[in-house]
Amino acid sequence: MTGRTPFAAALVLAMGLLMAGAGFAQSLPGPHNRPAPGNEAQATPPRDAGYRPQVNYQLECSGCHRVDGQGSRANDVPRMKDFVGHFLEVEGGREFLVRVPGVSQSSFTDAQLASLMNWMLTSHIAGDSTPDHFVPYTAEEVADLRATPLDEIDTTRDVLLQRMRDQQIAIRDGLADRP
Ligand code: HEC
């Protein structure tokens, strides 16, 4: 008990000082904080920055999907590397790729998203998985797909994977042992 007393006293003192000093809940950054010299400009949101599709991918997709599209089993993020293009070979797959929340709810414009998807599906991420007959997405198509939210994501995805199996396409999405 005696060992705790100085600590308790210090705590009461600290709380008293906080309440007396500030008088309101402290928010960070505080109302009087200023940027460091040379750092005054606000960061440009990715949507307004005019970056190339691969940079947009790094900014809003790679956090989950990783830069090379490997995904993350531990976080249930599927592997897109050398696999994602196979969705284009089954009925409903083309629509699904844009309607998943990570894509449809990103900050990008329809045109930026169309470019991003077209880049991704013809880049090292999709590898050879994209069929030769792939027709690039247009901004209009992306706009329509985004307007229809996807409920039942897992169920829809499972149906598409089954359609792939039916076409002898091996499921290499990195989630095979999902419970
Ligand atoms: C917060 C994590 C996260 C972010 C950010 C994210 N995704 Fe995803 N993505 C997922 C998960 C998880 C799935 C699996 C389906 C689902 O549950 O939404 C997925 C599925 C996909 C799919 C369908 C492929 C499949 O195997 O299901 C595509 C294509 C895709 N994402 C592209 C993107 C793109 C492009 C971006 C950036 C604009 C992005 N994602 C951002 C987590 C994310």
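Colleague: In which loop does R66 lie?

Modeller: R66 is in the loop between α4 and α5 (93-99); helices are DSSP runs of H or I with at least four residues, numbered from the N terminus. Residues are numbered from 1 along each chain as its sequence is written. This is a predicted model, where local features need pLDDT of at least 70, side-chain atom pairs count only at pLDDT 80 or more, and totals for chains, interfaces and linings use all residues.

Colleague: Why does R66 count as partly exposed?

Modeller: A residue is buried if 20 or more other C-beta atoms, placed from the backbone, lie within 10 Å of its own, exposed if 12 or fewer, and partly exposed in between. R66 has 16 C-beta neighbours inside 10 Å, so it counts as partly exposed. R66 also has a positive phi of about 70°, although it is not a glycine.

Colleague: How do I read a pair of packed helices?

Modeller: Two packed helices are described by the angle between their axes and the distance between the axes. Here, α3 (residues 53-60) and α7 (residues 110-121) pack at about 95°, with axes 9 Å apart; the axes are lines fitted to C-alpha atoms over the stretch in contact, and angles run from 0 to 180 degrees between N-to-C directions. The two helices are therefore roughly perpendicular, the word for angles of 65 to 115 degrees.

Colleague: Which residues of α3 make the contact?

Modeller: They are P53, Q54, N56 and Y57, where contact means C-beta atoms, placed from the backbone, within 7 Å.

Technical notes: Angles under 35 degrees count as roughly parallel, over 145 as roughly antiparallel, 65 to 115 as roughly perpendicular and the rest as oblique. Two residues are in contact if their C-beta atoms, placed from the backbone, lie within 7 Å.
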